[in-house]
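Subject: The structure, and what I found in it

Hi,

Here is the structure I promised to pass on.

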Amino acid sequence: MLVVVAHPDDETFGLGGVVARFTDAGTDVSILCLTHGEASTLGEGELRRIRSEELRMAATDLGADSVDILDLPDGNLSTVPLERIAQLVESRLDRTDGLLVFGPGGVTGHPDHIRATQAALIAAGRTGAAVLGWVIPHHVASALNDELGTTFQGVTHADVVVEVDRERHIRACRRHTSQLNPVLWRRLELLGDEEWLVWLRPPGTGTAHTGAR
Ligand SMILES: [Zn+2]
């Protein structure tokens, strides 16, 4: 499985519980992160290097086999042609059955998240890989937005509900020392031990060239 995310910490803060479930089940998981996270307003110092190191440590905790960090501009993925990002993803889809990405609204609404998912969907459409999108329940999004002024986009339906080992997930989250924040902890508290996923491209959809089979 290939995990495609925009920023270091997305793979863990967002997807980490699910990633650990897959690796525990014996799935080979690679992580593709499109940026070095240099535009974060959290953390101090040389963020490019610090956040890359945090990502590699967290990925090891989650049981991922490899991490690939690209040098696209953090906060500005919308300035990179979608086709270019899609090709970068597609070049890493050799022998990949499925992708795991943020849901279509980017979950937090961040434009980089939305762009990463769009590119992953285009690439998967060419190879025929399935795509799972991570989403959060509407009541969790509403609570976060009311309490903390965030812009989470929740959904009312999941195709797959995954029970996660939240303690293990939290240990991996703590590797991203520079980015820890109250919103993360409150979200994990509200989610309990469940994560929601939706199929953005169900298995067996075929490729964009052959159409649905
Ligand atoms: Zn992010």
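Which residue is the bridge partner of Leu2 in strand 4? It is Leu99. Before more of that, two notes on how to read everything here. This is a predicted model, so local features need pLDDT of at least 70, side-chain atom pairs count only at pLDDT 80 or more, and totals for chains, interfaces and linings use all residues. Residues are numbered from 1 along each chain as its sequence is written.

**The whole protein**

The protein has eight helices and eight strands. Both are DSSP runs numbered from the N terminus: helices are H or I with at least four residues, strands are E with at least two. Along its principal axes, the C-alpha trace spans about 45 × 35 × 30 Å. A compact globule of 213 residues would have a radius of gyration near 17 Å, and the 16 Å of this protein agrees with that. (That radius is taken over C-alpha atoms, and the globule rule is 2.2 Å times the number of residues to the power 0.38.)

Of the 213 residues, 41% count as buried. Buried means that 20 or more other C-beta atoms lie within 10 Å of the residue's own; exposed means 12 or fewer, partly exposed is in between, and the C-beta atoms are placed from the backbone. Take the contacts between residues at least 6 apart in sequence: 78% of them join residues at least 24 apart. A contact here means two C-beta atoms, placed from the backbone, within 7 Å.

**Strands**

Back to strand 1, which covers residues 2–5. Leu2 and Val4 point one way, Val3 and Val5 point the other way, and all are buried. In a regular strand the side chains alternate between the two faces of the sheet. Strand 1 runs parallel to strand 2 (residues 30–35), with four bridges joining them, and there Val4 has Leu32 as its bridge partner. Strand 1 also pairs with strand 4 (residues 98–102), in the parallel sense over two bridges. Strands count as paired if DSSP finds at least two bridges between them.

Strand 8 (residues 194–201) has antiparallel partners. Five bridges join it to strand 5 (residues 130–137), where Trp134 stands opposite Leu197 of strand 8. Another four bridges join strand 8 to strand 7 (residues 160–163), again antiparallel, and Glu163 stands opposite Glu194.

**Helices**

Two packed helices are described by the angle between their axes and the distance between the axes. The axes are lines fitted to C-alpha atoms over the stretch in contact, and angles run from 0 to 180 degrees between N-to-C directions.

Helix 6 (residues 138–148) packs on helix 8 (residues 182–191) at an angle of about 145°, with the axes 10 Å apart. Val140, Ala143, Leu144, Glu147 and Leu148 of helix 6 make the contact with Val183, Arg186, Arg187, Leu190 and Leu191 of helix 8. By class, that gives seven nonpolar, no polar and three charged residues. For these classes, Ala, Val, Leu, Ile, Met, Phe, Trp, Tyr, Cys and Pro are nonpolar, Asp, Glu, Lys and Arg are charged, and the others, Gly among them, are polar.

Helix 2 (residues 16–24) and helix 7 (residues 166–173) have axes that come within 9 Å and cross at roughly 115°. Gly16, Gly17 and Ala20 of helix 2 meet Arg166, Arg168, His169, Ala172 and Cys173 of helix 7. Those residues divide into three nonpolar, three polar and two charged.

Arg171 is also in helix 7. It is partly exposed, because 16 other C-beta atoms lie within 10 Å. Arg171 and Thr12 are 159 residues apart in sequence, yet 9.9 Å apart in space, C-alpha to C-alpha.

Most residues other than glycine have a negative phi. Asp9 is not a glycine, but its phi is positive, about 105°. Asp9 sits in the loop between strand 1 and helix 1 (10–14). Is Asp9 buried or exposed? Asp9 is buried, because 26 other C-beta atoms lie within 10 Å.

Arg95 also has a positive phi, near 65°, and lies in the loop between helix 4 (82–90) and strand 4. Arg95 counts as exposed, because it has 8 C-beta neighbours inside 10 Å.

Cheers
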